[in-house]
Amino acid sequence: MTPAEAGRLLAHCAAFDNRQPSRAASEGWAAALRDVPLDEDALASVARYYGTPPRDPGQRLWIQPHDVRTLRKTIRSERLETYVYDGDPDESTQQYLTRRRHQLAAVASGHQPSPSARVALTGPPHPKVAALLSGVGHAVDDDTAAEIAAVRRPGPLGTDCPTCSAPIGRPCRTPSGKPRAAHRHRVDTAFGHEMPDAGAAEREMDRRRDASRRYLEASSTQDAA
């Protein structure tokens, strides 16, 4: 950007912030933006800067050269978001590099729409894929169904839960329906452990209550004596 071009850019900025462009300011901006051309994207970056509310309400916006550089780059990058190279399959490496560079420049500047549609694959699927797809939608015979049923998942999820009735492959659940860790009985069943007697815990509690009662009775007799 030349000092004359920077002066025109500063005049564009003045339409938003009422600054007073000067020769010194033009030379300073030209030095800071020496590799940035004065184009539509540079002017658009100024409009985007002043069209965005400040972070702090009441803050005065005052664009700087680095803002122009950053916003211009953002504007051009947005045009390339859906870019897909559109070239000749038979081109050489050098031709590819040259054409792609020209396409990127044209799309980024807005002079050419972005080629975003990828070429669809043609032809039949690979023979191995076709063989696998041939079985989709076919009924499974009894022997195959038995083989599938015999395959078990490793761990507790490979069996039904005898506590909460969770089916194979589904986690155990609390009484309210929330997923939880596998119940103990399900773990024992999955790893072939002996299932505990359902009434053993209750009988053990009765035994402890009876022992406690006899102890208290004996203690009361001794105190009375």
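This is a short walk through one protein chain, from its overall make-up to a few local details.

The model is predicted. Mean pLDDT for the protein chain is 83, and 83% of the residues reach at least 70. Helix α2 has the highest mean, 96. Helix α7, residues 142–150, has the lowest, 61. Please keep that in mind when you look at α7.

Now the layout. The protein chain has nine helices and two strands. Starting at the N terminus, the order is α-α-α-α-α-α-α-β-β-α-α. So much for the order; next, the packing figures. The protein chain has 225 residues, and 20% of them count as buried. It exposes about 16600 Å². Carbon and sulfur atoms supply 55% of that area. Take the contacts between residues at least 6 apart in sequence: 51% of them join residues at least 24 apart.

Let's go to helix α2, residues 23–32. Which of its residues are buried? They are S26, W29 and A30. Looking down the axis of α2, these buried residues fall within an arc of 100°, so they line one face of the helix. What covers them? The cover includes α1, residues 3–17, and α4, residues 65–78.

N18 is in the loop between α1 and α2. Its phi is near 60°, a positive value, and N18 is not a glycine. N18 is exposed, because its relative accessible area of 62% is over the 50% cut-off.

A second residue goes with that one. S165 also has a positive phi, near 65°, and again the residue is other than glycine. S165 lies in the loop between α7 and β1, the strand at 172–173. Its relative accessibility is 61%, so S165 counts as exposed.

Back to the helices, and to α3, residues 40–51. S45 is in this helix. Is S45 buried or exposed? It is buried, with a relative accessible area of 0%. Who touches it? Setting aside neighbours within four places in sequence, S45 contacts I63, V68, L71, R72 and I75.

On to the aromatics. How many aromatic pairs does a search of the whole structure find? Three. One is Y49 with Y50. That pair is edge-to-face, with 5.0 Å between centres and 85° between the planes. Both Y49 and Y50 are buried. Another is Y85 with Y96, edge-to-face too, at 5.0 Å centre to centre and 90° between planes. Here the placement is worth a look. Y85 sits in the loop between α4 and α5, while Y96 is in helix α5, residues 93–109, so the pair ties together parts 11 residues apart in sequence. Y85 is partly exposed, at 22% relative accessibility. Y96 is partly exposed as well, at 31%.

Ring pairs link F16, Y49 and Y50.

The charged end of R19 sits over the ring of W62. The distance to the ring centre is 4.1 Å.

To recap: α2 buries S26, W29 and A30. S45 in α3 has a relative accessible area of 0%. F16, Y49 and Y50 form a ring cluster. And for α7, remember the mean pLDDT of 61. Thank you.

Conventions
Residues numbered from 1 in each chain as written. Predicted model: local features only at pLDDT ≥ 70, side-chain atom pairs only at ≥ 80, totals over all residues. Heavy atoms only, no water. Buried < 20%, exposed > 50% of the residue type's maximum accessible area, 1.4 Å probe, protein only. Helix = DSSP H or I, 4+ residues; strand = E, 2+ residues; numbered from the N terminus. Arc of directions from axis to C-beta. Contact = heavy atoms within 4.5 Å. pLDDT = per-residue confidence, 0-100. Phe/Tyr/Trp six-rings, centres within 6.5 Å; stacked < 30°, edge-to-face > 60°. Lys NZ or Arg CZ within 6 Å of the ring centre and 35° of its normal. Areas by Shrake-Rupley, 256 points an atom, 1.4 Å probe, with all protein chains shown as cover.
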